Amino acid sequence: MKKQFFLLILWVSVCTSLSTNAQEFKISESGCLSNYGVDVAVFEDYYPEGHQGGVCIIMNGKRLATNGDIRLEPTPGQWQGVPKKVDRKVSGNVITASMCFPDTSRHMKGFNPMVYPDLAFYYKVETKPEGDAVIVTVSLDQPIPQKFGGKVGFNLEFFPGELFGHPWIMDSKSGIFPQQPNAPLEISTPIINYKGDFEGKNGSTVNLQKFLGTGYSPLIADDIVSKPYAEGKRFVVCPDDPLKKITIESDAQLKLYDGRMNHNNGWFVLRSELPTGKTGEVLRWKITPNAEKDWLYAPVVQTSQIGYLPNQPKRAIIETDRRDNSITEAKLLKITADGEMSVLAQHPVMWGKYLRYNYLTFDFSTIKEPGLYKIVYKNSESVVFKIDSDVYERGVWQPVIEYFLPVQMCHVRVNEKYKVWHDACHLDDALVAEKGNLFDGYDQVDDFPGVVPNTPKLVNVGGWHDAGDFDLRVESQANECYNLSLAYECFKPEIDVTAIDWKNRVVEIHQPDGKNDILQQIENGALTIVAGYNALGRLYRGIICNSLRQYAMLGDASAMTDNIPGNNDDRRVYTENNPSRELSTAACLAATYRTLKGFNDTLANRCLEIAQAVYNQNKNPKGFAAFAKIQADAELFLATNQKQYLDNIVALTDSIGRYIGYCGWYLSRIEQYCAGQKDKKYKAFSKAFRDALPTYAENLKKQTTENPYGVPYRPNIWGAGWDIQSFGFKHYFLASQYPQVFGKEPVFDALNFILGTHPGLNRASFASGVGAESATVGYGLNRSDWSYIPGGVVSGTGLIRPDFPELLTFPYLWQQVEYVIGGGSSHYMFLVLAAEKLGKQ
């Protein structure tokens with residue numbers, strides 16, 4: 001009896017111990033349901049069209065699944081209706097999201113319109129822990145009508161890049177995640193056939209027939225889909241890899257789809273259809289991500305992928321697991337022909353917690369001897385980088401001019417020896433747009449004299465395609481000219497590696513023609529703006545294709561239209577009444593005039609004439625446009641030396657002082673002029689301007705110390721790279737003119753952020769083809785080839801809320817890897833030239 005009692009006590013003790021040490025999910029400090037290296041974020045994000053939102057699973061430093069939510073198609077894409085988030089509540093360890101269909105603010109209108117069916121309902125998604133699993137339930141407040149049977153379901157998307165070549169198991173069936181989607185197909189009645197009437201009275205709506213187009217349309221996602229790879233009740237992802245293994249079980253049927261079958265940018269989708277005619281709880285999933293209790297995030301040593309000038313500050317950032325509080329010695333190794341040697345060994349300094357990680361800093365500014373180096377910390381290493389005075393002299397800013405901008409040029413054929421990047425394109429630009437909304441923010445609202453819908457206007461010269469969308473926005477064209485013009489004025493870089501034959505519309509990369517390529521690219525941007533103004537009598541809003549099928553096109557730009565003017569496949573030119581954009585363009589054209597003068601005098605003079613005409617039409621702007629006018633005054637004064645523009649600025653001395661952080665950078669050149677004048681009003685302006693600088697400098701210092709990277713960095717869904725480049729570009733003017741107030745370190749820090757010193761596991765340089773590791777899968781015209789355009793600068797590391805920095809190697813994630821015209825690459829180019837100049841002073 002005593003023996004039996006002893007065994008009972010022992011069994012209870014063992015069970016209690018096992019229960020105490022069991023892996024269990026619970027709400028963490030970040031607000032996720034967490035278990036060791038696994039985090040389940042629940043409706044923290046809301047960007048489902050960008051594969052961000054709903055129930056999201058982050059495992060061991062990688063996001064594997066997302067968008068766990070109700071959708072109306074098995075494999076929806078960017079253009080399908082998304083639910084509206086009504087509320088999110090946390091009670092104990094239970095997270096409940098209240099949602100509804102439709103989002104009427106997006107039905108047939110908005111930046112990118114969507115089309116919702118005649119189906120309106122509220123629902124709740126409840127997520128709670130159950131030991132080592134997470135339970136997701138869906139409850140309906142009203143039944144799904146019979147006619148929508150099979151259309152409404154709970155989807156969970158899996159990131160393809162982490163799954164290619166890995167196995168899956170569904171009940172007794174198994175398979176391998178393939179590199180490409182594979183037939184057979186399933187055909188059904190598209191839900192768009194049941195279009196709802198939710199347009200309302202506010203906002204311009206799309207013409208549905210034009211929006212749909214003919215033949216295949218990205219707007220329809222459920223007429224043809226991939227047949228599920230498998231169906232069952234228990235699904236296991238990556239049973240071969242404990243760091244990626246996820247098990248999902250349900251009493252409802254699980255179906256595994258390949259979302260790439262009808263959207264090139266689709267993901268793998270696991271789906272359960274909701275029953276019709278029922279309310280209350282209608283679906284329950286049990287999700288068990290495998291949690292490895294001994295897993296720790298390996299340190300990531302972040303440095304510039306290029307390297308450093310001998311005299312510039314040099315600081316590596318080391319990103320470590322939030323649970324890892326040990327700090328060991330880091331070493332800087334010099335790499336020579338005879339091997340490696342340690343030149344600096346010291347403990348990094350703890351910066352503290354930021355986002356989800358701990359951060360250490362390793363300062364090696366004292367090392368100035370030229371050579372190749374790397375940093376070693378624990379079992380992690382940085383890339384190999386260089387310290388030398390020539391570190392920026394080749395293959396750093398140059399690819400922007402050497403590759404990216406020539407490849408983006410519109411209305412020409414672009415050759416690179418054996419390779420044709422694209423043939424001559426859009427020679428039929430363009431028909432005047434009809435009234436109404438389109439997509440990508442294009443909405444023809446206003447009427448203008450002489451601008452008659454569907455009439456051809458000759459605007460088929462110059463310009464750069466925007467990213468992979470191929471459109472030409474006036475602000476993109478103007479700002480690209482502006483950034484290049486300021487770079488040329490400040491640094492006078494010499495480069496001639498491209499030949500441009502305007503007469504025959506041919507560009508030859510790596511074929512010099514005796515002309516500065518930067519000036520030729522400024523000329524290219526000016527040509528489209530001037531042609532638009534000459535044809536329309538005003539600035540265009542932009543030139544964009546006329547159908548969604550054209551807009552989603554991948555590959556050679558010349559395939560978009562037939563290059564024959566006057567038919568329906570022509571792109572449309574949009575116009576608008578927008579004082580802010582018009583005045584900003586006037587400022588850009590004034591700067592363009594200065595750089596083109598002496599290179600192409602006819603074009604330069606026309607740029608100035610248009611800038612002054614646009615300025616004169618907008619002399620009393622309100623709100624934000626008033627700041628655009630100040631910038632136009634500044635650039636026009638620098639272009640003409642006419643005091644009327646200067647006096648307009650001086651008259652606003654008090655306002656400028658209050659908003660010095662916004663306008664100080666471009667007015668610094670005006671202040672330098674005023675400081676040398678004898679007139680009291682100019683002296684007073686100079687003093688007030690300088691008096692305002694220290695307060696801004698102090699505020700800026702606070703922003704740059706909020707994170708370990710030394711730049712104003714507020715992570716968001718979109719990568720922050722472009723904003724940080726823009727900051728560094730603007731800061732150069734202040735640091736170079738007022739070194740006693742503004743340090744030059746933020747310029748170096750901004751550049752290093754772009755070149756690899758940024759949060760997250762992926763430490764690639766955002767500048768494609770620049771550095772030991774770079775973004776060589778970019779969202780450009782060749783994205784379907786999982787390729788890149790050298791010198792293109794991607795948007796960069798984004799934030800998966802609440803705290804996960806991410807830069808995926810995936811060509812269709814525009815918020816992380818998109819290229820852009822109007823700042824992305826030209827700001828980067830300016831930043832490199834600025835760092836080189838400051839670092840050699």
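**A sheet, a helix pair and a serine**

Author: Keeping in mind that this is a predicted model, we can begin with an open sheet of 4 strands, which follow the order S30-S29-S36-S35 with mixed pairing.

Reader: Which strands are the edge strands there?

Author: The edge strands are S30 (419-422) and S35 (498-501), each of which pairs on one side only. Neighbouring strands of this sheet are turned against each other by 20 degrees on average, with direction ignored.

Reader: And in what sense do S29 and S36 pair?

Author: Strand S29 (residues 413-416) pairs with strand S36 (residues 506-509) in the parallel sense, over 3 bridges, and Arg 413 stands opposite Val 506 in S36.

Reader: Which helix lies across those strands?

Author: Helix H3 (residues 398-408) lies across S29, S30, S35 and S36, and runs at about 155 degrees to S36.

Reader: New topic: at what angle do H4 and H17 pack?

Author: Helix H4 (residues 474-491) packs with helix H17 (residues 824-839) at an angle of about 15 degrees, and their axes are 9 Å apart. Because angles under 35 degrees count as roughly parallel, H4 is roughly parallel to H17. By class, their contact has 9 nonpolar, 3 polar and 2 charged residues.

Reader: Last one: is Ser 382 buried or exposed?

Author: Ser 382 counts as buried because its relative accessibility is 5%, and its place is in the loop between strand S27 (380-381) and strand S28 (385-387). Not counting residues up to four places away in sequence, Ser 382 touches Val 301, Thr 303, Lys 374, Ile 375 and Arg 763.

Technical notes:
Residues are numbered from 1 along each chain as its sequence is written. This is a predicted model: local features need pLDDT of at least 70, side-chain atom pairs count only at pLDDT 80 or more; totals for chains, interfaces and linings use all residues. Side-chain values use heavy atoms; hydrogens and water are left out. Helices (H or I, at least four residues) and strands (E, at least two) are DSSP runs, numbered from the N terminus. Buried means under 20% relative accessible area, exposed over 50%, partly exposed in between (1.4 Å probe, protein chains only). Contact means heavy atoms within 4.5 Å. Two strands pair if DSSP finds at least two bridges between them. Axes are lines fitted to C-alpha atoms, for helices over the stretch in contact, and angles run from 0 to 180 degrees between N-to-C directions. Angles under 35 degrees count as roughly parallel, over 145 as roughly antiparallel, 65 to 115 as roughly perpendicular and the rest as oblique. Ala, Val, Leu, Ile, Met, Phe, Trp, Tyr, Cys and Pro count as nonpolar, Asp, Glu, Lys and Arg as charged, and the others, Gly among them, as polar.
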